[in-house]
Amino acid sequence: MTCTLAALVLAGCGNGGSKDSSSGGSSGGQKKLVVSTWGFAEDFYNKEVYAPFEKEHNVKIVLETGNNADRLSKILQGSSDVDVVYLSDYYAQQGIEAGAFEKIDRSRLSNLDSLYDIAKAPNGEDYGPAYTIGQLGIAYDQKAAGTTISSWADLWKPELKGKVTMPSITSTSGPMMVDAASKVAGSTEFNEDKAFGKLAELNPSVVKYYSQTSEFINMFTQGEAAAGPIMQMYLGDLKKADPNVEFVTPSEGAYAIVNTLNVVKGSKNKQLAEDFINWQLSQEVQEKAAKAKVDSPANRNVSLSAEEAAAVTYGSSVVEKLQKLDMAFVNKNLKSWTDRFNREVTK
């Protein structure tokens, strides 16, 4: 298999717990839809996503916010009354394997055909689509790096010794780097032994393995790092820290990072939840989110100017080249990869 590792997408923002998306409780006769999400870009979501849906469907949206792992754990423990859940495709796969989600009625998703193929069924036809597609590439400061970068292999350049920051194996994009290392080692098919051997070669160049994007940005701010893998959506924040930073789509290919929507098993509002998913996929919502730099669009009908598309993963020429990896394979192997990374790479 040529693509065998998966994206661990951001644990997300937000501070756990439940809250209304606007002040006040549900009024008489109004249904309640409980939505589990990260809690980032709250002003945008409240105004452009939740409020219009509430008005159209006479429903009150109540939010549960937190990171992927915590929110999924609550659902699996049965300590949540969530109807619809936003999760990275990696965590969505865990939920699917645990039987946590309803099968999606795709006939109710009129906007599904407008999505890029990669977004239509990232975890299989029975489960929810992706509403956003990002890419993991390389950000670097050429002057600080002392060299140019155009590929994953360039991270191994001797000029970068002591200047690279890499994701922790258990973080957002750690497993992607195992796959990238296999490619750098010359394997057309994933080769675990070669991948870990190559990562061990890179280790002397790594100043720090980061777990959160804020760490990555801080290292560039303080001049501790000059290059490393990061999601394109954070380029704007990174440029505020270091205006010389540029984003590179590696010649071997960038990795697709997709976030999904699913209906939770046992939801009493399954059709309403599917209506909400369909609304999130609409060109109207997708275009507003892209222009606000909140989410890169999964809807291929979204039209952006060059300025609007800056730092956004956009367009078929970009999206259709992204590498989408096997989530089930990652779930099966991540523990052994983590153990091996700790033994052989950072020993």
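View 1. The model shown is predicted: local features need pLDDT of at least 70, side-chain atom pairs count only at pLDDT 80 or more, and totals for chains, interfaces and linings use all residues. Residues are numbered from 1 along each chain as its sequence is written, and side-chain values use heavy atoms, with hydrogens and water left out. Valine 206 belongs to strand β7 (residues 206-210); strands (E, at least two residues) and helices (H or I, at least four) are DSSP runs, numbered from the N terminus.

**View 2. Surroundings of valine 206.** Leaving aside residues up to four places away in sequence, valine 206 touches Val164 and Met166, contact being heavy atoms within 4.5 Å. Valine 59 lies 147 residues from valine 206 in sequence and 50 Å from it in space, C-alpha to C-alpha.

**View 3. The enclosed strand β10.** Strand β10 (residues 255-263) is largely enclosed by the rest of the structure, because 9 of its 9 residues are buried. Tyr255, Ile257, Asn259, Leu261 and Val263 are buried on one side, and Ala256, Val258, Thr260 and Asn262 on the other, so that both faces are covered.

**View 4. Pairing partners of β10.** Strand β4 (residues 84-88) pairs with β10 in the antiparallel sense over 5 bridges; pairing requires that DSSP find at least two bridges between two strands. Here tyrosine 86 has leucine 261 of β10 as its bridge partner. Strand β5 (residues 130-141) also pairs with β10 in the antiparallel sense, over 6 bridges, and alanine 130 stands opposite threonine 260 in β10.

Note on methods
Buried means under 20% relative accessible area, exposed over 50%, partly exposed in between (1.4 Å probe, protein chains only).
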